[in-house]
Amino acid sequence: MPTLAPAAVLYEAKQPLRIETVRVLPPQKGEVTVRMKAAGVCHSDLHVMKGDLTMPTPIILGHEGAGVIEAVGEGVTSVAVGDPVILVWRGSSGRPALCDMGTAMRFTGLMPDGTTRFQNSAGGAIRHYAGVSAFSSLSTMPEASVVKIPEGFSFEKAALIGCGVITGVGAVERAAKVRHGSTVAVIGCGGIGLNAVQAARMAGARQIIAVDKFARKEADARLFGATDYVDANLGDPVEAIKHLTDGKGVDYAIEAYGSGKTAEQAFDATKKGGMCVMVGITSAADRASINVNQLVYAEKTLRGSLYGSTQPRQDLLLLIGMHQSGRLMLDELITTRYPLEGINDAYDALQRGEVARSLIVFE
């Protein structure tokens with residue numbers, strides 16, 4: 001029998017999320033149902049809300065979350081009822097970009113069997129997002145979409161680790177492989193960018209240049225390890241970065257904002273022989289103009305990074321250990337907590353640049 005649960009449902013792009021009670025169907029073979037405890041307010045969901053990324057509607061968004069296993073279907077072995085878990089929006093044990101199940105669920109909004117586990121009050125289908133739909137207080141998903149975490153670990157911190165932290169840290173450690181003593185620029189100081197900044201600090205970068213269009217982001221960036229800050233509203237960020245690096249540019253540029261323009265800036269700010277890593281999600285129609293000669297004559301490297309180029313099922317637990325040992329900052333990421341009913345306010349604050357990371361906290 002379906003269970004009733006409050007959720008934030010997107011019925012149409014460019015319209016507010018609607019808070020309503022939905023019907024959550026029980027887990028089938030190889031599936032679990034999670035009772036959400038916390039969900040991160042991430043820019044990737046905003047792209048769908050704004051219509052930059054097209055998804056079938058109605059749909060329940062949210063991909064960064066943590067909670068407790070409420071029920072398990074036949075054949076589930078990695079978790080049991082009562083286990084605390086982090087949600088994984090790409091469940092592959094290898095490279096996330098190669099996860100066929102995650103890709104299919106991303107574009108269809110359906111479970112692997114082609115159906116959905118959400119319904120409205122009239123029994124009509126509501127789609128899933130990224131396999132997890134964290135903006136429902138109760139959500140059914142594949143077993144591969146959850147990772148068991150240590151008992152007693154904060155659900156709020158676990159939710160942040162599930163996307164923003166692992167993506168930002170992984171982009172620096174796994175994709176760029178930043179070397180000790182190098183120079184790094186991070187364009188975009190949201191949840192992902194700030195974690196790229198702190199990963200560069202942990203890697204021993206001697207100069208970390210943070211770039212954003214909101215002046216208030218400077219305090220956050222410096223807290224996480226930035227040595228310099230560039231306000232993108234005050235001039236050309238590329239020229240500012242080159243000025244700070246004696247005209248050379250940086251060894252590594254991390255693009256964590258998500259636009260064709262910032263992608264171009266990150267590439268142009270990379271020095272000869274350096275690497276530019278694209279992390280931010282853009283509109284599906286967005287394009288960037290790259291100087292191809294620089295790829296050859298300057299031997300620059302340009303690469304993309306999804307989910308931090310990590311192996312989430314293993315690396316999420318490593319990140320928890322890093323925080324528990326005092327190496328990884330998490331508490332400082334949380335700016336504001338909202339109830340589910342305040343989710344539209346949370347996204348308004350995100351667009352105004354008022355937060356490092358905010359959370360939806362479920363009762």
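**Exercise 1.** State how many helices and strands the protein has, and decide whether its radius of gyration agrees with that of a compact globule.

**Solution.** The secondary structure comprises ten helices and 18 strands, where helices (H or I, at least four residues) and strands (E, at least two) are DSSP runs numbered from the N terminus. This is a predicted model, in which local features need pLDDT of at least 70, side-chain atom pairs count only at pLDDT 80 or more, and totals for chains, interfaces and linings use all residues. Residues are numbered from 1 along each chain as its sequence is written, and side-chain values use heavy atoms, with hydrogens and water left out. For 363 residues, a compact globule would have a radius of gyration near 21 Å, and the protein agrees with this because its value is 20 Å (taken over C-alpha atoms; the rule is 2.2 Å times the number of residues to the power 0.38).

**Exercise 2.** Describe how helix 3 and helix 4 pack, and which residues meet.

**Solution.** Begin with the geometry: helix 3 (residues 155-176) and helix 4 (residues 191-202) pack at an angle of about 45°, their axes being 7 Å apart. Helix 3 is therefore oblique to helix 4 (under 35 degrees counts as roughly parallel, over 145 as roughly antiparallel, 65 to 115 as roughly perpendicular, and the rest as oblique). Turning to the residues, those of helix 3 that meet helix 4 include Gly164, Val165 and Gly168, while the partners in helix 4 include Gly191, Ile192 and Ala196.

Notes
Axes are lines fitted to C-alpha atoms, for helices over the stretch in contact, and angles run from 0 to 180 degrees between N-to-C directions. Contact means heavy atoms within 4.5 Å.
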